[in-house]
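I opened this model to look up its salt bridges and its helix packing. My entries follow in the order in which I checked things.

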Amino acid sequence: MTTATTRRGDHRVSPVFLGILAVTAVTGWATWTGYATQRGIAVFLFVTAAWIVSLCLHEYAHARTALHSGDITVGAKGYLTLNPLKYTHALLSIVLPVAFLVMGGIGLPGGAVFIERSRIRGRWKHSLVSAAGPLTNVLFAAVCTAPFWLHALDGVPADFRFALGFLALLQVTAAILNFLPVPGLDGYGVLEPWLSYQVKRQLAPYAPFGLLFVFALLWVPSINTAFFDTIDAILRGLGVDDYSRYCGQELYRFWRGTPEVCAVSP
């Protein structure tokens, strides 16, 4: 693979990202210890901060893979600093996914970093650049669910378990949505290098509307049910029980009040 020489500052981790990481650590500690006076606020801040961290890592994975595949411009664009403000579509990459998280509890795919594809040679490299982001969500989901499928929940406080269950839900939905072979999403980016020029030309105009098309489909009851049944099946396969996931989502939306079934001491 091609390695690139970039300025040292291009690789320096942004203070903005370090700040988000610090918020994740502090609120994770508050969730674990029950230090916060309101359980829901601690879970809300912890899950939101951890979700933003995963979005930054998603975009970083695209950029880092592109760098080693031939696009030496990603460093100068600030993509290797993990700074969410440096991404091409900060609104799509960070703000919109967080807004959907607050409103509906779904892991919305973010907008991709701008990769100069003309600098990358080889179809496999192009596919890997597109796959790197959602594979990060898969890895994040594995980390969140590890205590469940390793049966290592003894001693893990309930609220922290709930938060991990909800985070796992977000990462699994983000990975599945990103991997859909729909123009504009990473799944299509994985397939695109292998399509004929004519097919790519015909599909290119639909790329800006791919995500809207997916959400329109999710409004269809039968498709919505099949989608979330798939999510539930994956989470159960990873050991995440429905109770943990449900209570994590309900605690996250603390402004609605915590159901009695989730009203346990941390």
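I started with Asp242, which counts as partly exposed because its relative accessibility is 32%. For this term I used a 1.4 Å probe on protein chains only, with buried meaning under 20% relative accessible area, exposed over 50%, and partly exposed in between. I note that this is a predicted model, in which local features need pLDDT of at least 70 and side-chain atom pairs count only at pLDDT 80 or more, while totals for chains, interfaces and linings use all residues. Residues are numbered from 1 along each chain as its sequence is written, and side-chain values use heavy atoms, with hydrogens and water left out.

I found the side chain of Asp242 in a salt bridge with that of Arg245, at 3.5 Å from N to O. A salt bridge here is a side-chain nitrogen of Lys or Arg within 4 Å of a carboxyl oxygen of Asp or Glu. Arg245 is buried, with a relative accessible area of 14%. Both residues lie in helix 10 (residues 242-252), 3 residues apart, about one turn of the helix.

I looked at Glu116 next, whose side chain meets that of Lys77 at 3.4 Å, N to O. Glu116 lies in the loop between helix 3 (90-104) and helix 4 (123-149) and Lys77 in the loop between helix 2 (39-69) and helix 3, so this pair ties together parts 39 residues apart in sequence. Glu116 also has a salt bridge to Arg119, at 2.8 Å from N to O. On accessibility, Glu116 is partly exposed at 23%, Lys77 is partly exposed at 23%, and Arg119 is partly exposed at 38%.

I read off 10 helices and 0 strands; helices (H or I, at least four residues) and strands (E, at least two) are DSSP runs numbered from the N terminus. Of the 266 residues, 48% count as buried. Among contacts between residues at least 6 apart in sequence, 74% join residues at least 24 apart, where contact means heavy atoms within 4.5 Å.

The axes are lines fitted to C-alpha atoms, for helices over the stretch in contact, and angles run from 0 to 180 degrees between N-to-C directions.

The axes of helix 5 (residues 158-179) and helix 9 (residues 221-237) come within 10 Å and cross at roughly 125°. That makes helix 5 oblique to helix 9. Helix 5 contributes Ala168, Leu169, Val172, Thr173, Ile176 and Leu177 to the contact, and helix 9 contributes Phe227, Thr230, Ile231, Ile234 and Leu235. I sorted these residues into 9 nonpolar, 2 polar and no charged.

Methods: Parallel < 35°, antiparallel > 145°, perpendicular 65-115°, else oblique. Nonpolar A, V, L, I, M, F, W, Y, C, P; charged D, E, K, R; others polar.
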